[in-house]
Amino acid sequence: MRENMQKMEQSNGGESGIAPAETNRTYIQRMAVDAFKKVKNLEESSSENKDTKDKYASYATSLPVTIITNGLGQAAATLLAAAKADVKEANNVQKANMKLYKDLEHWLCRDDSMAPYYTPQDETPDLMRKIVESDRNTYMRAQAEALAWLQWLKKFATAYLKQRG
């Protein structure tokens, strides 16, 4: 069966934007893989200190509540506003907020027909633009998907990034 799915993927020229190995995973599993990779990349990053990683885990834990309370648009705008700073002079709070915003943007605006805010690989994702220009159904779908993706992200972030204390 796996070979048949890989052949099907190859025969359609990979138009779905999903790598052949990805076709054997459920959508929820792909969410988990994406969240896991983002957390592990941050954990292994030598350019980010422990405080930034700990704050990222804290914000990943609190973001779902903010989305439920205020909506995806308000939550994303708040995250982006908190991240504003010159990259070289950004403190740990700003770095953590920007990293979380970019990770959320990457998931919701990826080059995948299943993404709520589909963005071709040759275009720069712009989550805020997609949010304000989308219709209500797309917005609600993006919000639900953000919450599902964040469930995985916050569990991995707590497991791998949160300082014990």
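Modeller: Helices are DSSP runs of H or I with at least four residues and strands are runs of E with at least two, numbered from the N terminus. Asn-97 is found in such a run, helix α5 (residues 92-108). This is a predicted model, in which local features need pLDDT of at least 70 and side-chain atom pairs count only at pLDDT 80 or more, while totals for chains, interfaces and linings use all residues. Residues are numbered from 1 along each chain as its sequence is written, and side-chain values use heavy atoms, with hydrogens and water left out.

Colleague: How many helices and strands does the secondary structure of the chain come to?

Modeller: There are seven helices and zero strands, and the pattern along the sequence reads α-α-α-α-α-α-α.

Colleague: Why does Asn-97 count as buried?

Modeller: Buried means under 20% relative accessible area, exposed means over 50%, and partly exposed is in between, with a 1.4 Å probe and protein chains only. Asn-97 has 5% relative accessibility, so it counts as buried. Taking contact as heavy atoms within 4.5 Å, Asn-97 touches Tyr-59, Leu-79, Ala-82 and Ala-83, with residues up to four places away in sequence not counted. The C-alpha atoms of Asn-97 and Ala-82 are 6.4 Å apart, although the two residues are 15 apart in sequence.

Colleague: What makes the span of helix α4 close to the one expected?

Modeller: The expected span is 1.5 Å times one less than the number of residues. Helix α4 (residues 72-83) has 12 residues and reaches 16 Å from its first C-alpha to its last, close to the expected 16 Å. Its buried residues are Leu-72, Gly-73, Ala-75, Ala-76, Leu-79, Leu-80 and Ala-83, and what covers them includes α3 (50-70), α5, α6 (127-133) and α7.

Colleague: Why is the pair Phe-36 and Phe-156 called edge-to-face?

Modeller: Rings of Phe, Tyr and Trp (its six-membered ring) pair if their centres lie within 6.5 Å; planes under 30 degrees apart count as stacked, over 60 as edge-to-face and the rest as tilted. The count by this rule is four aromatic pairs. For Phe-36 and Phe-156 the centres are 5.3 Å apart and the planes are at 75°, so the pair is edge-to-face. The pair links distant parts of the chain, with Phe-36 in helix α2 (residues 27-44) and Phe-156 in helix α7 (residues 136-160), 120 residues apart. Phe-36 counts as partly exposed at 30% relative accessibility, whereas Phe-156 counts as buried at 17%.

Colleague: What makes the pair Trp-152 and Phe-156 stacked?

Modeller: Their ring centres are 5.8 Å apart and their planes are at 20°, so the pair is stacked. Trp-152 and Phe-156 are four residues apart in helix α7, hence separated by about one helical turn. Phe-36, Trp-152, Phe-156 and Tyr-160 form one aromatic cluster.

Colleague: How do you know that Arg-110 lies over the face of Trp-107?

Modeller: A charge sits over a ring if NZ of Lys or CZ of Arg is within 6 Å of the ring centre and within 35 degrees of the ring normal. Arg-110 lies over the face of Trp-107, 3.6 Å from the ring centre.

Colleague: Which residues have the most contacts inside the largest nonpolar core?

Modeller: A nonpolar core is a set of buried Ala, Val, Leu, Ile, Met, Phe, Trp, Tyr and Cys residues joined through side-chain atoms within 4.5 Å. The largest one has 37 residues, and Leu-72, Leu-127 and Leu-153 have the most contacts inside it. At least two residues of this core come from each of α2, α3, α4, α5, α6 and α7, and α7 gives the most, with nine.
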